[in-house]
Amino acid sequence: MTTATQQQIDNLLSGLTREDLFTLLERIAHQLRQAEERQALPLYGIWQGKFSEVFDLDKDLQEIRSQWTKEKGKSLNSPHPDPLPAGRGNFGLPLT
């Protein structure tokens, strides 16, 4: 914290009553406690017990990819209108 900032804080604090100072101190303590609670937890601890111990990531990714491939094949084979009429540009205007 810079000296100028400290001086501004000191000036503000000097105008507060004893009760206001305690209220401010309680709010600062509350923020510090919240900051401690927000500290990152190790991922192992967060996800522990959420997945099977014999989880096979490669197998599951392969299954997801095969489903995407099937869906992509269906969409490529389905009839759909040409997005742009022949001889028209991106805005439907004639090409020059």
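The protein chain exposes about 9,600 Å², with carbon and sulfur atoms supplying 58% of it (Shrake-Rupley method, 1.4 Å probe). This is a predicted model, where local features need pLDDT of at least 70 and side-chain atom pairs count only at pLDDT 80 or more, while totals for chains, interfaces and linings use all residues. Residues are numbered from 1 along each chain as its sequence is written, and side-chain values use heavy atoms, leaving out hydrogens and water.

Q: Why is Phe 55 called partly exposed?
A: Its relative accessible area is 41%. Phe 55 sits in the loop between α3 and α4.

Q: What makes the nonpolar surface patch?
A: Leu 43, Ile 46, Trp 47, Phe 51, Phe 55, Leu 57, Leu 61, Ile 64 and Trp 68 make it, over about 930 Å². α3 (43–47) and α4 (57–77) each give two or more residues, and α4 gives the most, with 4.

Q: How do you know which secondary structure the protein chain has?
A: Helices are DSSP runs of H or I with at least four residues, and strands are runs of E with at least two. By that count the protein chain has 4 helices and 0 strands, in the pattern α-α-α-α.

Methods: Patch = residues over 30% accessible without salt bridge, like charges linked within 9 Å, V, L, I, M, F, W, Y side chains within 5 Å. Salt bridge = Lys/Arg side-chain N within 4 Å of Asp/Glu carboxyl O. Buried < 20%, exposed > 50% of the residue type's maximum accessible area, 1.4 Å probe, protein only.
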